[in-house]
Amino acid sequence: MDCYPGIDYFVALCLAIANLDKLNILGITTVAGNQTIEKVTDNTLGLLSFLDSDIKVAKGAKGPLIREKRQAINVHGENGVGDYQFPKIKELYSNNAVTFLRDAILAQEDKVTICPVGPLTNIALLIKTFPEVVDKIELLSIMGGATVGGNTTPTAEFNVWADPEAARIVFDSKIPIVMSGLNVTHSTGLYREDVNELLKSTGKVSRMCGEILNFYFRGDHVKAGTFTPIHDACSIMYLLYPQLYSFKHMDVTVDCSEGLNRGNTVADIREWFNYDETYPKVLLGVDLEKFREILLQNLYKLDDMSK
Ligand code: BDR
C-alpha cells in the first residue's frame, strides 16, 4: 500500500487489516500529500500502533518529481487525519520507500499488487530506478484521477494533480492498472447516519472511524452534508470484491502541460471506442448498498479483533 494517510485512507487501511486472511500486506510506503512526509509517516505509525499491527512502514518521497509541493490541510485537518490523536509507538522499518518496494517485490515468488492512493511519486521513482520490478507487478489499484472533471481544479483530481509527471510515468508504464477515479469514488462512501452509528459505537476502531469521518462533514466537498465519499477505500474494496464495480477499459493519458488542464487524466470515454485489457480498467459504477454493508461489517469486525 502506498499512501499519505488522510481520513479516508485510515478507513481504507482498517478495511485492509480486517481482511488479512485475503490480503498479505507486505508493507506501507508513505508519500507527502495532504501533509508533510514526517506527519503522514507518523500518522501511519500511529494508526498501526492503535491497531496493534506489525505491518512494516517505509518513508517515501518528500514531494513531487517536478512541481512544487501543495498540501490539502483544509480537507484532512491540521494534523492530517481529522485532528484525531494517535499514539506513535511503532518504529519506522525503512527510510527509503523505493528500495523497500524493490526488495519487497523481488523477494516474492508471485507477482505483487500495489495499491497507491496518493501522488504517484514513489511508484514513478520505483519504475524509473528499478525497471526490473515492472514485470513482477500484477496490478496497480490506484485511487486517482477522474473520467471527467476534478476536485482540486475543475479538471484535476488531487492525487494526480499533486504530481502529474509521476502519474504520467505510471499510466504510461504498461503495468496493469485499475483506476478508481472521482467518477466512481464520489458515489463510494457512507451516509451521515452510518457515521452517526459509528460515533455511538463502544468499539475502539469503529468509534475512531466515526470520529475522523465526522471531520469530513465539515468539508464543503461533501454532498449537502448527507454523504461522504471514502475515496481510498474504493481501491482496497476493489481488490476484495471486484464484483461490486462496473468498469470499462480505456486509454488514459495524464496532461502534464502548464495550462488549465494540468493533472487531468484524459480518459477516452467515447462509447464507440473499445480498448482491450492492456489498457487501464477504469471503474465506472459501484453497488453502494453492498459497499456500505461490507465496509461497516469490517470496521465492527476489527473492534472484535482488537479487543
Ligand atoms: C484523494 O485526495 C485525498 O484527499 C483523498 O484521501 C483521496 O486520496 C481524492 O482526491
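Student: How many bridges join E9 to strand E12, and do they run parallel or antiparallel?

Tutor: Please note at the outset that this is a predicted model. As a general idea, strands of a sheet pair through backbone hydrogen bonds, either parallel or antiparallel. Here, E9 and strand E12 (residues 281-286) are joined by five bridges and run antiparallel.

Student: Which residue in E12 is the bridge partner of His249, and which is that of Ser246?

Tutor: His249 has Lys281 as its bridge partner in E12, while the partner of Ser246 there is Gly285.

Student: How many bridges join E6 to E12, and in which direction do these strands run, parallel or antiparallel?

Tutor: E6 and E12 are joined by two bridges and run parallel. In this pairing, Val178 has Lys281 of E12 as its bridge partner.

Student: What is the order of the strands in the open sheet?

Tutor: The sheet has five strands in the order E4-E5-E6-E12-E9, and its pairing is mixed. Strand E4 (112-114) and strand E9 (245-249) form the edges, each pairing on one side only. From one strand to the next, the twist averages 25 degrees.

Student: Which helix packs on the sheet, and which strands does it touch?

Tutor: Helix H11 (residues 231-240) packs there, touching E4, strand E5 (137-143), strand E6 (177-180), E9 and E12. The direction of H11 makes about 150 degrees with that of E5.

Student: How does one describe two helices that pack on each other?

Tutor: Two packed helices are described by the angle between their axes and the distance between the axes. In this model, helix H5 (residues 121-129) and helix H7 (residues 164-171) pack at an angle of about 50 degrees, and their axes lie 8 Å apart. That angle makes H5 oblique to H7. The crossing in which H5 passes H7 is left-handed.

Student: Which residues make the contact between H5 and H7?

Tutor: H5 contributes Thr121, Ile123, Ala124, Ile127 and Lys128, and H7 contributes Ala166, Ile169 and Val170. By class, six residues of this contact are nonpolar, one is polar and one is charged.

Student: How many helices and strands does the protein chain have?

Tutor: The chain has 12 helices and 12 strands. Its radius of gyration is 18 Å, close to the 19 Å that the globule rule gives for 307 residues, so the chain is as compact as a globular protein of that length. Along the principal axes, the C-alpha trace spans about 50 × 40 × 35 Å.

Methods:
Residues are numbered from 1 along each chain as its sequence is written. This is a predicted model: local features need pLDDT of at least 70, side-chain atom pairs count only at pLDDT 80 or more; totals for chains, interfaces and linings use all residues. Side-chain values use heavy atoms; hydrogens and water are left out. Two strands pair if DSSP finds at least two bridges between them. Helices (H or I, at least four residues) and strands (E, at least two) are DSSP runs, numbered from the N terminus. Axes are lines fitted to C-alpha atoms, for helices over the stretch in contact, and angles run from 0 to 180 degrees between N-to-C directions. Contact means heavy atoms within 4.5 Å. Angles under 35 degrees count as roughly parallel, over 145 as roughly antiparallel, 65 to 115 as roughly perpendicular and the rest as oblique. A crossing is left-handed if the near helix is turned anticlockwise from the far one by less than a right angle, and right-handed if clockwise. Ala, Val, Leu, Ile, Met, Phe, Trp, Tyr, Cys and Pro count as nonpolar, Asp, Glu, Lys and Arg as charged, and the others, Gly among them, as polar. The radius of gyration is taken over C-alpha atoms; the globule rule is 2.2 Å times the number of residues to the power 0.38.
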